[in-house]
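Please look over the model shown here. The report below takes it topic by topic.

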Amino acid sequence: MSGPMKREIWNARVIKSIKIAVAAVLSIAIAGELGLKYSATAGIITVLSIRNTKRETLQSAGNRALAFLCALAIAAGCFWLLDYSLWAFALYLFGFALLCLCLGWGEAIAMNSVLVTHFMTERSMGPGILANEIALFLTGTGMGIAVNLHLHRKGVEFDRLAGEADRQIKGILHRMSLWLPREDKSGYVPDCFASLETALEAAKLCAVENYNNVFRRGDSRELDYIKMRERQSVILREIYENILKLQYLPRQAHMVAEFLGQIERDYHRDNTVEGLLEELDQLLVRLKGEELPVNREEFEARAVLFYILMQIHSLLEVKRAFLLDRS
């Protein structure tokens, strides 16, 4: 991981920590001003309510609200049966935890159970303490939602990260054009693919966060773009592995290397690759018109070159299909 990327991750963690601390303190202060008992609980609820995106925050709040209603019902039944005893709380915790785990509300177990302990401490579920717990829940959850309402798509950030992935792909194409026509490929190592995977993963995380920070459904352009580049990265890895197989170099290898260089030079996000596909078709026609191989080594090498060109065709088609889907 590069230095700038580490700094960005660290800065994001610091900002989120500040946001959590400020929001929790504000929740406690508001609960205190409202005269609520156990006001510190509002801060804990806020901490547990904050998520990375708007959509996650709202979804979590909805699940917690439903879980809170269930917790009240289960607690009322347990305390009615066994009074406000430790056994009653144990029975409540068993039933509520089982319900939450079955419904995917695992994150709500701790928060709602803390609220239920207040009923056990007060030995009552009367209107007064019930209203207190509802107010604590609304204050903490409301503050958790409020601090995330400012979140928005990081379009510039995504463009930067996607641009880094694109530069990595261009670098891979450049190296391929240099190494393919060389007989000695002992120095041609695959470390560039690890850098590409790191860049794609960073861009993908940003795209997912952007997708979850808008309430409008269907805007998956950034995610689709990264998926397209991920498919291309798989094809590039296959091309690399076939280049390593070329120990014998027929003169056609230089033609394929030049075409890889052409792809690198024409590489940019909005290129429809129509021109490159036409050039590839012309190159295939030229190669088919070449004289037949004179020995086994040349035959095998030219077969590998032909397969590389088919992979290049797939590489370009992936980009072409992506642009056609977006038009």
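## Charges over rings

The charged end of arginine 269 is placed over the ring of tyrosine 225, at 4.9 Å from the ring's centre. This is a predicted model, and every value in this report is computed from it.

Arginine 182 lies over the face of tryptophan 179. Here the distance to the ring centre is 4.5 Å.

## Aromatic pairs

How many aromatic pairs does a search of the whole structure find? The search returns eight. A pair of rings is described by the distance of the centres and the angle of the planes.

Take phenylalanine 68 and phenylalanine 137. Their ring centres are 4.7 Å apart and their planes meet at 5 degrees, so the pair is stacked. The cut-off for stacking is an angle under 30 degrees. Phenylalanine 68 belongs to helix 3 (residues 54–82), and phenylalanine 137 belongs to helix 6 (residues 127–146). The pair therefore ties together parts that are 69 residues apart in sequence. Are these two phenylalanines buried or exposed? Phenylalanine 68 is buried, and phenylalanine 137 is buried too.

Other rings form a group. Trp179, Tyr188, Phe193 and Tyr240 are linked by ring pairs into a cluster. Trp179 is also the ring that has arginine 182 over its face.

## The cavity

The structure holds one cavity of 30 Å³ or more. The largest cavity has a volume of about 110 Å³. Its lining has 14 residues, and those closest to the centre are Gln232, Ile263, Tyr267, Val273 and Leu316.

Which elements give two or more residues to the lining of the largest cavity? They are helix 7 (155–179), helix 9 (221–245) and helix 12 (296–326). Helix 12 gives the most, with three residues. By class, the lining of the largest cavity has eight nonpolar residues, three polar and three charged.

Valine 273 has a positive phi of about 60 degrees, although it is not a glycine. Valine 273 is located in the loop between helix 10 and helix 11 (274–288). Its relative accessibility is 5%, so valine 273 counts as buried.

## Helix 5 and its end

Helix 5 covers residues 108–122, which makes 15 residues. From its first C-alpha to its last, helix 5 reaches 22 Å. That is close to the 21 Å expected at 1.5 Å a residue.

Which residues of helix 5 are buried? They are Ala108, Ile109, Met111, Asn112, Ser113, Leu115, Val116, His118 and Phe119. An α-helix has 3.6 residues a turn, so residues three or four places apart point the same way.

Just after helix 5 comes arginine 123, with a positive phi of about 55 degrees. Arginine 221 lies in helix 9. With a relative accessible area of 47%, arginine 221 is partly exposed.

Tyrosine 38 sits in the loop between helix 1 (3–33) and helix 2 (40–49). Its phi is near 55 degrees, a positive value in a residue other than glycine. Is tyrosine 38 buried or partly exposed? At 28% relative accessibility, tyrosine 38 counts as partly exposed.

Alanine 42 is placed in helix 2. Its relative accessibility is 0%, so alanine 42 counts as buried. The C-alpha atoms of alanine 42 and alanine 24 are separated by 7.4 Å. Along the chain, alanine 42 and alanine 24 are 18 residues apart.

## Glutamate 264

Where is glutamate 264 found? It is in helix 10 (residues 252–265). Glutamate 264 has a relative accessibility of 18%, so it counts as buried. The cut-off for buried is under 20%.

Technical notes: Residues numbered from 1 in each chain as written. Predicted model: local features only at pLDDT ≥ 70, side-chain atom pairs only at ≥ 80, totals over all residues. Heavy atoms only, no water. Phe/Tyr/Trp six-rings, centres within 6.5 Å; stacked < 30°, edge-to-face > 60°. Helix = DSSP H or I, 4+ residues; strand = E, 2+ residues; numbered from the N terminus. Buried < 20%, exposed > 50% of the residue type's maximum accessible area, 1.4 Å probe, protein only. Lys NZ or Arg CZ within 6 Å of the ring centre and 35° of its normal. 1 Å grid on protein atoms, 1.4 Å probe; cavity = no way out; pocket = protein on both sides within 12 Å on 5 of 7 lines; lining within 4 Å. Points joined across faces, edges and corners; volume = space filled by probe spheres on them. Nonpolar A, V, L, I, M, F, W, Y, C, P; charged D, E, K, R; others polar. Expected span 1.5 Å × (residues − 1).
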